[in-house]
Amino acid sequence: MEQAATPLSVIVPVYNEDENFPRLIDAIDQRLPQPFRVLVVYDFDEDTTVPVARELATTRPYLSLVKNELGRGPANAIRAGFQAADNGPALVIMADLSDDLNDVAPMLELYHSGCRIVCASRYMQGGRQLGGPLLKRTLSRLAGLSLYYLVGFPTHDATNNFRLYDAALVNELQIESEQGFEIALELTAKAFVRGEKIGEIPTTWKDRDAGESRFQLFRWLPKYFRWYRYALIGRWFGRKKQR
Ligand SMILES: Nc1nc2c(ncn2[C@@H]2O[C@H](COP(=O)(O)OP(=O)(O)OP(=O)(O)O)[C@@H](O)[C@H]2O)c(=O)[nH]1
Ligand SMILES: [Mg+2]
């Protein structure tokens, strides 16, 4: 007998997103293809998202809260989300409404056609980025396009965190990122060097209009650079052929 496919797990790291969270749930209700479950990962009990999410969970059985016990920060929160997801398709989205959830259906299609990671790309034809600080935007675009053209990285947008993963692959790759959002680059670089099949689709990203950004550009830049170098060197010194 054929086994039913594991439903989608959606991992949402949150830090004081009480303003955005109800709007995110509206977008999820309207745009995500069923079936799915949503894992909201918070770091501490006083987070303002927690009571709002608990209240919404009373009418939405798909919603659960996961306390990140691995250490504070987005990388640890996302890692805790993957541990909770365990296997099957796992989508990372931000709570600040930056990601267009209409893209999830085509991302899942690529996943089911064999991609183990599917990247939503702002820097390929059809993709867009609306707003955000100029320096961060420029560095992110430069990193993405240079990896794409220099070593054939499988996405034009190496740093976007709106990405669909095979959770079993992620748990096998062993996340080393502990702090920031370089985690998406780490995972995709590792999968690329291993020769895993990776796909991309265009997306439109827009900057948040409520709450505060927690992105620490200068603090996290060295971490991004580590994984940028890993992708370059891995390609030049013996990347496996795509599976
Ligand atoms: N659990 C947890 N979530 C976080 C933390 N920092 C940010 N987040 C969440 O991660 C998501 C993205 O955070 P942002 O601060 O907007 O970072 P970003 O989207 O990379 O950066 P911007 O382009 O500046 O918006 C949001 O859902 C945040 O609530 C953290 O320390 N812990
Ligand atoms: Mg943001």
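This is a predicted model: local features need pLDDT of at least 70, side-chain atom pairs count only at pLDDT 80 or more; totals for chains, interfaces and linings use all residues.
Biologist: Which residues of helix α2 are buried?

Modeller: Helices (H or I, at least four residues) and strands (E, at least two) are DSSP runs, numbered from the N terminus. Buried means under 20% relative accessible area, exposed over 50%, and partly exposed in between, with a 1.4 Å probe and protein chains only. Helix α2 covers residues 49–57, and its buried residues are Thr49, Val50, Ala53 and Leu56.

Biologist: Within what arc do the buried residues of α2 fall, seen down its axis?

Modeller: The arc is that of the directions from the helix axis to the C-beta atoms. The buried residues line one face of α2, because they fall within an arc of 135°.

Biologist: Which exposed residues sit on the face of α2 turned away from its buried side, and what covers the buried ones?

Modeller: The face turned away carries Pro51 and Glu55, both exposed. Cover is judged by contact, meaning heavy atoms within 4.5 Å. What covers the buried residues of α2 includes α1 (21–31), β2 (36–42) and β3 (63–67).

Biologist: How many salt bridges does a search of the whole structure find?

Modeller: A salt bridge is a side-chain nitrogen of Lys or Arg within 4 Å of a carboxyl oxygen of Asp or Glu. Searching the whole structure gives 13.

Biologist: How far apart in sequence are the parts tied together by lysine 67 and aspartate 45?

Modeller: These two form a salt bridge, with the closest N and O atoms 3.3 Å apart. Lysine 67 lies in strand β3 and aspartate 45 in the loop between β2 and α2, so the pair ties together parts separated in sequence by 22 residues.

Biologist: Is glutamate 196 buried or exposed?

Modeller: Glutamate 196 forms a salt bridge with arginine 116, the closest N and O atoms being 3.5 Å apart. Glutamate 196 lies in the loop between α7 (183–194) and β8 (198–202) and arginine 116 in the loop between α4 (104–112) and β5 (117–121), so the pair ties together parts that are 80 residues apart in sequence. Arginine 116 is partly exposed at 23% relative accessible area. Glutamate 196, at 3%, is buried.

Biologist: What is the N to O distance between lysine 190 and glutamate 176?

Modeller: Lysine 190 is buried at 7% relative accessible area. Glutamate 176 is partly exposed at 41%. Their side chains meet in a salt bridge, N to O, at 2.6 Å.

Biologist: What angle separates the ring planes of tyrosine 15 and phenylalanine 44?

Modeller: Rings of Phe, Tyr and Trp (its six-membered ring) pair if their centres lie within 6.5 Å; planes under 30 degrees apart count as stacked, over 60 as edge-to-face and the rest as tilted. The structure holds 11 aromatic pairs. Tyrosine 15 and phenylalanine 44 form an edge-to-face pair, 5.5 Å centre to centre, with a plane angle of 65°.

Biologist: Which residues do ring pairs link into a cluster?

Modeller: Phenylalanine 215 and tyrosine 224 form a tilted pair, 6.3 Å centre to centre and 40° between the planes. Phenylalanine 215 is partly exposed at 22% relative accessible area, and tyrosine 224 is buried at 11%. The cluster consists of Phe181, Phe215, Trp220 and Tyr224.

Biologist: How far from the ring centre of phenylalanine 215 is the charged end of lysine 136?

Modeller: A charge sits over a ring if NZ of Lys or CZ of Arg is within 6 Å of the ring centre and within 35 degrees of the ring normal. Arginine 122 lies over the face of tryptophan 205, at 5.8 Å from the ring centre. For lysine 136 over phenylalanine 215, the distance is 4.0 Å.

Biologist: What separates the C-alpha atoms of glycine 234 and phenylalanine 192?

Modeller: Glycine 234 is found in helix α8 (residues 217–236). Glycine 234 is buried, with 12% relative accessible area. Along the chain, glycine 234 and phenylalanine 192 are 42 residues apart, and their C-alpha atoms are separated by 8.5 Å.

Key. Residues are numbered from 1 along each chain as its sequence is written. Chains are lettered from A and ligands numbered from 1 in the order in which they are written. Side-chain values use heavy atoms; hydrogens and water are left out.
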